[in-house]
Amino acid sequence: MAHPTVSTPAVPQRVRAWVLWEDGAEELLEAYAVAWTQRAVLVRFGAPPHQHEVWVWAGAVERV
């Protein structure tokens, strides 16, 4: 299986993303897309020191 190409923008893009928490709760969050492939997006959300990054399916993300 080939590895997907990962794109990283010079400036992270503002997005809204559906995130699935460990307890199964889903939440729509304001975030930044910091990298992506054809199928998934790495989003960053929260504020330091409680900042998180997680990969989500591309269909769970929309540009703001």
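# Exercises on strand pairing and salt bridges

Strands β1 and β2 run antiparallel and are joined by eight bridges. This is a predicted model, in which local features need pLDDT of at least 70 and side-chain atom pairs count only at pLDDT 80 or more, while totals for chains, interfaces and linings use all residues. Residues are numbered from 1 along each chain as its sequence is written, and side-chain values use heavy atoms, with hydrogens and water left out.

**Exercise 1.** Describe how β2 is paired with β1 and with β3.

Solution. 
- Step 1: Strands here are DSSP runs (E, at least two residues; helices are H or I runs of at least four), numbered from the N terminus. Two strands pair if DSSP finds at least two bridges between them.
- Step 2: The bridge partner of A33 is V43 in β3. Three residues lie between β2 and β3 in their hairpin.

**Exercise 2.** Find which residues form salt bridges with R16, and state what each pair ties together.

Solution. 
- Step 1: A salt bridge is a side-chain nitrogen of Lys or Arg within 4 Å of a carboxyl oxygen of Asp or Glu. By this rule there are four salt bridges.
- Step 2: One partner of R16 is E30, with the closest N and O atoms 3.7 Å apart. R16 lies in β1 (residues 13-20) and E30 in β2 (residues 26-36), so this pair ties together parts that are 14 residues apart in sequence.
- Step 3: E62 also forms a salt bridge with R16, the closest N and O atoms being 3.0 Å apart. Because E62 lies in β5 (residues 61-63) and R16 in β1, the pair ties together parts 46 residues apart in sequence.
- Step 4: R14, R16, E30 and E62 are linked in a network of salt bridges.

**Exercise 3.** Classify R16, E30 and E62 by relative accessibility, then do likewise for the salt bridge of E53 and R44.

Solution. 
- Step 1: Buried means under 20% relative accessible area, exposed over 50%, and partly exposed in between (1.4 Å probe, protein chains only).
- Step 2: R16 is partly exposed at 29%, E30 is partly exposed at 46%, and E62 is partly exposed at 41%.
- Step 3: The side chains of E53 and R44 meet at 2.7 Å, N to O. E53 is partly exposed at 45%, and R44 is partly exposed at 27%.
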